[in-house]
Each structure stands twice: as C-alpha cells, then as structure tokens.
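Welcome! We will go through it step by step.

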Amino acid sequence: MTAPLLDVRDVTMRFGGIVANRNVSFCVERGGVTALIGPNGAGKTTMFNCITGFYRASEGQILLNGREGPQDIGALMTKPITGGSHLVTRAGIARTFQNIRLFKEMSVVENLLVAQHLVTANNLVSGIFRTPAFRRAEREAIDRAYHWLGEMNLVEDANRLAGELPYGRQRRLEIARAMCTGPKLICLDEPAAGLNPSETRELSEVIQRLCSEHGQTVLVIEHDMGLVMRISNHVVVLDHGEVISDGTPEHVANDPAVIAAYLGVSEEEVEA
Amino acid sequence: MEQNRFLTLLKQALLTFTVSLVLFGPISGLVLDGFSFRNELTRAVLLAAIVTAGRIALSLVGMTAFGRSIAGKAAGNGSGVTVMTGREKSPVLILALIFVAGLALPFFADKYFLGIAILALIYCLLGLGLNIVVGLAGLLDLGFVAFYAVGAYLLALGAQYLGLGFWSALVIAPFLAGLCGMVLAFPVLKMHGDYLAIVTLGFGEIIRLVLNNWLEFTGGPNGAPVPTPTFFGLEFTRTAKQGGVPLHDYFGIAYSADYKFWFIYTVLFLVVCLVVYAVERLRVMPLGRMWEALREDEIACRSLGVNHVFTKLTAFMLGASTGGLAGVFFAVHQGFVNPTSFTFFESALILAIVVLGGLGSTVGVIAAALVLTILPELLRDFAEYRVLIFGVLMVVMMIWKPRGLVRIQRPAFFPSTAVKDSDTAPLAASPEAAR
C-alpha cells in the first residue's frame, strides 16, 4: 500500500470572518513521524482539531486511508444522531492535548481502561454477573494497560491517582492512554511543552520506539526544534494558516521562507 | 512571643465584638414599640459579649496542642480520593453481619421504628439512584423526584386502570422511569451540564403539576389509593380483597397489621442490597468507568472514542430506574399517593443525601440517607428548626468536608502474572538511549 495514511486536501477552516487555515494540503506517511511546526498562532492546533475531529473543516477533505479504504473525517462528524468526534477515534486517530487532560481523580490503570472501552465487555448484565467473557475481556484490558505502562516506564505508578503524578509522567501517561485505543495514527499536541531537557530526551526515545517497534504513525506539533529535527522524517511548516514549506527536516531547516517566518526578515529583503 | 500572641487575641476579640455589635444592634437592640422605638442596647452588648467570649475560647483552644491536632485532622484530608493497595481485608464478614442484622430487624423493632426503617431504605434507594447520575456521571439532576413519582403513580394508577399488582409494578417501574428519563434527557444531553439541571428542575415541576391538575385521571390533589401487596396470592388484609387468601387464614395464625410492614421491609431490604451490589459492580465495570471519566473530562473522553451522549443517557436512565423502584415502595408503604409527596423539597433532600455522603461513594450515600431520615424522627421536638439545622449542616460540610463524609477509594488493578515478567523492559534498554 503506497497511499499515505492521512491525506489532507485543501482544507480551509474559518471562524466567522477569521481564516485560521487556508488551503492546507499535506500527507502523513505510514510508519513515520510527521511534524507540524510553525510560529505561535499559525493555525497548527486548529489543523490538529480538524484532523482529530474536534472541528469540522469549512472546506476540503481529510481522508484516513484505513483497511476499508479512504474515510472522510468530516463526514464522520456530521453523521446524524450518532455522529461526533468519538467516531474519528474509532476510525483510528487518537490524540493527546496541549494542556494535559487526564482523568485526574481516577487511577493510572483506570485511565488506560477507559481508553479500551471498545474491546471490553460493556454489557450491563455480563458485568453485574461477572460472566467468564466479561472477566476475560477485563483481564486482557488490564494486561494491555500494563503493557503500555511498561512501554512508557510507568509500571510502578500503576495504582496511583493520575493527578498525583509528576508532570512529565502525566505526559507519558497521556500517550499511553491514546495508544490504548489501538490507533492507526496518533496525534501529539506539543508533547514536550513544560518538560525539562532530560524528560524531553526520554520523550523522543519513546516516540521513536513507537515508530520503530510498533510501526506506529505519529503526527506531532512541537515548538522544540531540537526534538523535531531529531525524531521526524517529514516536516510541514505552517504560517498564517498556510503551508509555507513541506519536506525532510534538512530541506525545511534550509528553506528561506521558514527562516523568514521564524526569525523575520529585514524590509529590503521583502521588497526584493 | 507571649506579648505578640496576647495582642492578636485582643485584636480578634475587638473585631468580633465590633462586628457582632453592628449586627445585633439593629436586630435586638432596637425594639419596635407602637410607632416608635424602644432602646434596648444593653441586650445587643450582652449578645456581642457572649459571641466575643466564644471567639476567644475558640482561639485559646486552637493554641493548645490538642486543638491544633483536631484542626489538622479536619483540614488535612487532601483531595479525599485514594487508591486501594489491593491488600485490604475483604469486608465480606462485616457485610454478611449487616445483611443478617438487616433481615432480623423486623423481629426486634416495633411498628413505629419499622416504618422509619422503611422510609430510610427508600431514601437509600433514591440516594443510590441519584448518586449514579450526580456522583458518578456528574450530571446535575434537580428533578429526581419526578421519577420517584412515576414509580409511585405507576402502582396507584396501574392498579386502578390496568389491574397491576405490587410485583408487576416493581418489574415495570424501572423500565417506565428509565424511558421517561431517556425521553427527557436525550434532547438536552448534548448541551452543557447547567441546561440539564434546569430542564430536570422543570420536568419535576411538570410531573407534579400534571398529577395535581389532571383530576379525571390521577385524582388530582385527592390522590389515589394503592392496593396492599400480595405474596404468591396471599394478602395482608384482614379479609381478602384482591381474590386471594388472607395470609393469617392460610397459616392459621392471628391477624396482625404488622405483617404487611414486615413483608415490605424484607422485600425492600433485599432490593436495596441488590442495587448496592449492582452499583458497586458498576464502579469496576467499563460503563461505570466511562461515567466517571465523563465527569472528570468530557473532551478527553471524546478523544478516546467514548460516545458521550449515549454514555450520559445510560447513567440518566439507570438513575431514573432506581428512582422509579423507590417510588413503588413508597406507594405501597403509604397505601395512598398524592402530589404533595413529590415537591421540589424532596428533590433537594435527595441531592443533599448524595452531596453529604460524598459524591460517588456508596457507603457515604447510605450513611447520609440513614442519618437524614432517622435524625428528623429523633428530633421531633425541634421540628420547626429541621430545615435550619439542615442548612447549617450543609454549610459546615461544604467548609470542612467538601468531598463528603466518606473518602472515595478507587479500586486497584494488577496484571495477570504472565505479562508482568516479560513485557516490562526498562526504557534504558532501548537502542536509542545512547543518543
């Protein structure tokens, strides 16, 4: 299969008169890390919310190429009655949040169990009578939760409250929780925000391991350029809601348009 | 140091005295006498002096080690949520003891006390139902009494028009109440929580007003009679009225009006036990976990693929079902229903039970239900001050124990042994660690 996992085609997002994204097009290749970067207010998070189904894009298509062929994210959201952003996750896109959104008063394992609600036995009767099928599903869910806790190096915190964990661990727990939904694409919104250098290094190892060992496709928004250059295979740069550069990290790093957007340019250069 | 402490004490006393004088001066210092005032300022000064003395006494106690330890205990409860260690002793023995004691209660209690016990258990049931909606799913429901009324009137009107008995009503009531809950909640669950509170408040009033005004159907303010329960065709009245055999004739024992209450109490107790079991199971089931996750963070839930509307709907319906169940017992216990039993005050009382017990805590809700129904009975002499005491209790609770009486404990989970050994490779062992 050569089709990219996620295909964003001419997406425009308007909030009333404000255009947050204009004709944005890019692809996310399978099994790699794609980074979405840009200065503050460039429309990265808006783009992210469109992809993860929290906003409905005003124009354009976002196609997820799953096993069942391409699926339009926007159409999932506007489905009558049952439609909504939860269907996007069920289609295979999981996400984390810029400001961590854990279930703070639930234990770490419970956070991961909630994420697996599609594979556990949700039937009321089977749960109350503890049928064998229910117990097997619960056991598998708990084992899967511990597997991801192991991957994220969080096993010793399994039975603590999520809100009690240090910040860096909460970040990793959020990634573990997103992974527990069994996604095709995981979207990380500024995963390194607020982390110290050693935690950032640990995080980059975690992301690289997701790709190399689990074949996970990752889309990441990040301001930490060191992290972006280190982990990503493909970088898309947004500025003022438009794609100004798209390519390998080396290509993007040397692109004059990107340098101009980040550092600014003098008057003469603009006129010239 | 000593001087300093004395000075703060003096300052506190002076401030308290001034504030209470300002408050008490107009209230009790000036007495209306015909068209003029009579000056009774000495009374105000006296009252203010008493308040100041109390304040100083409190401060002095607070300065001793004993007082400090009490204050520390009251304040130092943190978030009030802990995770179990998985090594707790199983409470089976205590639960079995409570179960047996509960079943044996009718043999020791007199009729008056049994009546209170039935009422307390009904409120337990209501509290448990509302706890699902407010405590677990975090949806504020101000009209819970509507579902209670649905259950009660189902038995009363069902017996009148369809010939339903106690048992069939007991089976149908949860479904009917759940259906009402669904019809009510579906349009508003997509919105933010506050709207739901207002809609449920309105629904509670609508049900009451309909019951009050639809004279031909519900009997209006005159209410409707409820038939006595039957047990496999045996009736609890002196002479059979529903085509069965009176219980005392069947067993050849003397008639007593208490048998009916014994029967209601026993069935109610068993139903409450079943509901408690179901609610406790729910907390470790995926559905219950999703409710609690929704209460914690709805956006995160959506990002995990949880259908938030559907999940809230299940919580609302299950809560309503439990309310309907309680309504059937209320009707059969009273033998008569009318709309005055289903006012907003009742909703507020149930909500108070849930809040007082600690949102989401089953033990807390049961304890609060028992306290809030038995206490007013014990305090019959202070009947006028009931609501006042109630309000003071709520304010005090919100200040010192905002998370309710009982600390919530979250269950602990452990992996099956197979995974524990193989899959916990430390992060440092990964090839990228060298970079």
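How many residues of chain B are in contact with chain A, and how many of chain A with chain B? Keep in mind that this is a predicted model. In it, 47 residues of chain B are in contact with 53 residues of chain A. Between them, chain B and chain A bury an area of about 4600 Å², and carbon and sulfur atoms give 60% of that area.

Let us look at the polar side of this meeting. There are 16 residue pairs in polar contact between chain B and chain A, counting pairs with both residues at pLDDT 80 or more. The count of salt bridges between the two chains is 3. You can find a salt bridge between A:E138 and B:R289, where the closest N and O atoms are 3.1 Å apart.

Which elements give two or more residues to the side of chain B that touches chain A? They are β3 (81-83), α11 (258-283), α12 (286-296) and α13 (298-303) of chain B. Of these, α12(B) gives the most, with 7 residues. Sorted by class, the side of chain B that touches chain A has 27 nonpolar, 7 polar and 13 charged residues.

Now let us go inside. In soluble globular proteins, nonpolar side chains tend to be buried together. The largest nonpolar core here has 98 residues, and the members that touch the most others are B:I122, B:L125, B:F166 and B:F329. Helix α5 of chain B, residues 111-136, provides the largest share of this core, with 15 residues. To see how one member is surrounded, pick B:I122: leaving aside neighbours within four places in sequence, B:I122 is in contact with B:Y148, B:L268, B:A326, B:F329 and B:F330.

Finally, let us visit one residue of chain A. A:M47 lies in helix α1 of that chain, which covers residues 44-51. Is A:M47 buried or exposed? A:M47 counts as buried because its relative accessibility is 0%. Around A:M47, leaving aside neighbours within four places in sequence, the residues in contact are A:V8, A:V11, A:N21, A:V24, A:F26, A:L36, A:I62 and A:L238.

Terms used
Residues are numbered from 1 along each chain as its sequence is written. Chains are lettered from A and ligands numbered from 1 in the order in which they are written. This is a predicted model: local features need pLDDT of at least 70, side-chain atom pairs count only at pLDDT 80 or more; totals for chains, interfaces and linings use all residues. Side-chain values use heavy atoms; hydrogens and water are left out. Contact means heavy atoms within 4.5 Å. Buried area is the accessible area (1.4 Å probe) that two parts lose on being put together, summed over both. A salt bridge is a side-chain nitrogen of Lys or Arg within 4 Å of a carboxyl oxygen of Asp or Glu. A polar contact is a pair of N or O atoms within 3.5 Å; within protein, one must be able to donate a hydrogen and the other to accept it, and residues adjacent in sequence count only if both atoms are side-chain atoms. Helices (H or I, at least four residues) and strands (E, at least two) are DSSP runs, numbered from the N terminus. Ala, Val, Leu, Ile, Met, Phe, Trp, Tyr, Cys and Pro count as nonpolar, Asp, Glu, Lys and Arg as charged, and the others, Gly among them, as polar. A nonpolar core is a set of buried Ala, Val, Leu, Ile, Met, Phe, Trp, Tyr and Cys residues joined through side-chain atoms within 4.5 Å. Buried means under 20% relative accessible area, exposed over 50%, partly exposed in between (1.4 Å probe, protein chains only).
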